Amino acid sequence: QVRLVESGGGLVQPGGSLKLSCAASGSGFSIYNMAWYRQAPGNQRELVAEITDRGTPTYADAVKGRFTISRDNAKNTVYLQMNSLKPEDTTVYYCNADIFRGLTRGNSWGQGTQVTVSS
């Protein structure tokens with residue numbers, strides 16, 4: 001089994017920055033796409049940013065120009081640099097990864113990390 005663990009969430013002032021990290025642990029696996037989602041209470045989980053194995057990113061319109069997704073394939077880790085944070089960015093952020101073991105493909109989720117943007 002592959003485990004995804006997020007870190008880096010917390011409380012920040014509007015206009016501030018946070019950097020989220022998500023590390024995949026285990027053995028005998030490789031990763032294709034990785035992504036960050038967020039989900040507020042009562043809402044569906046929405047895609048924030050995703051990145052291919054070659055490093056090509058895409059972003060939700062709400063975060064374009066403010067967030068940057070990146071990855072370190074050697075460390076099986078994906079990052080989300082969040083700048084110019086707004087109160088509406090407040091929610092739980094989740095890491096997602098497409099996992100490969102031999103010819104088997106699966107999907108894994110992290111436990112989530114809370115981001116709160118407030119004065």
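Thr77 is found in strand E8, which covers residues 77-82. In this predicted model, Thr77 is buried, because its relative accessible area of 8% falls under the 20% limit.

**Surroundings of Thr77**

- A polar atom of the Thr77 side chain lies 2.9 Å from the backbone oxygen of Lys75.
- Neighbours within four places in sequence aside, Thr77 is in contact with Cys22, Ala23, Met34, Ser70, Arg71 and Asp72.
- One of these contacts, Cys22, is also a partner in the disulfide described next.

**The disulfide**

- A disulfide is a covalent bond between the sulfur atoms of two cysteines.
- The structure holds one disulfide, formed by Cys22 and Cys95 with their sulfur atoms 2.1 Å apart.
- The bond links distant parts of the chain, since Cys22 belongs to strand E3 (residues 18-25) and Cys95 to strand E9, 73 residues apart.
- The torsion about the S-S bond of Cys22 and Cys95 is about -85°, and the disulfide is therefore left-handed.
- Cys22 counts as buried, because its relative accessibility is 0%.
- Cys95 is likewise buried, with a relative accessible area of 0%.

**Aromatic pairs**

- A pair of aromatic rings is described by the distance of the centres and the angle of the planes.
- Two aromatic pairs are found in a search of the whole structure.
- One of them is formed by Tyr32 and Phe100, whose ring centres are 6.3 Å apart and whose planes stand at 75°.
- The pair of Tyr32 and Phe100 is edge-to-face, because the 75° between the planes is over 60 degrees.
- Tyr32 lies in strand E4 (residues 30-39) and Phe100 in strand E9 (residues 91-101), so their pairing ties together parts that are 68 residues apart in sequence.
- Tyr32 is partly exposed, because its relative accessibility of 33% lies between the 20% and 50% limits.
- Phe100 also counts as partly exposed, at a relative accessible area of 23%.

**Charged groups over rings**

- Lys19 places its charged end over the ring of Tyr79, 4.8 Å from the centre of that ring.
- Arg45 lies over the face of Tyr94, at 3.7 Å from the ring centre.

**Strand E9 in brief**

Terms used
Residues are numbered from 1 along each chain as its sequence is written. This is a predicted model: local features need pLDDT of at least 70, side-chain atom pairs count only at pLDDT 80 or more; totals for chains, interfaces and linings use all residues. Side-chain values use heavy atoms; hydrogens and water are left out. Helices (H or I, at least four residues) and strands (E, at least two) are DSSP runs, numbered from the N terminus. Buried means under 20% relative accessible area, exposed over 50%, partly exposed in between (1.4 Å probe, protein chains only). A polar contact is a pair of N or O atoms within 3.5 Å; within protein, one must be able to donate a hydrogen and the other to accept it, and residues adjacent in sequence count only if both atoms are side-chain atoms. Contact means heavy atoms within 4.5 Å. Rings of Phe, Tyr and Trp (its six-membered ring) pair if their centres lie within 6.5 Å; planes under 30 degrees apart count as stacked, over 60 as edge-to-face and the rest as tilted. A charge sits over a ring if NZ of Lys or CZ of Arg is within 6 Å of the ring centre and within 35 degrees of the ring normal. A disulfide is a pair of cysteine sulfur atoms within 2.5 Å.
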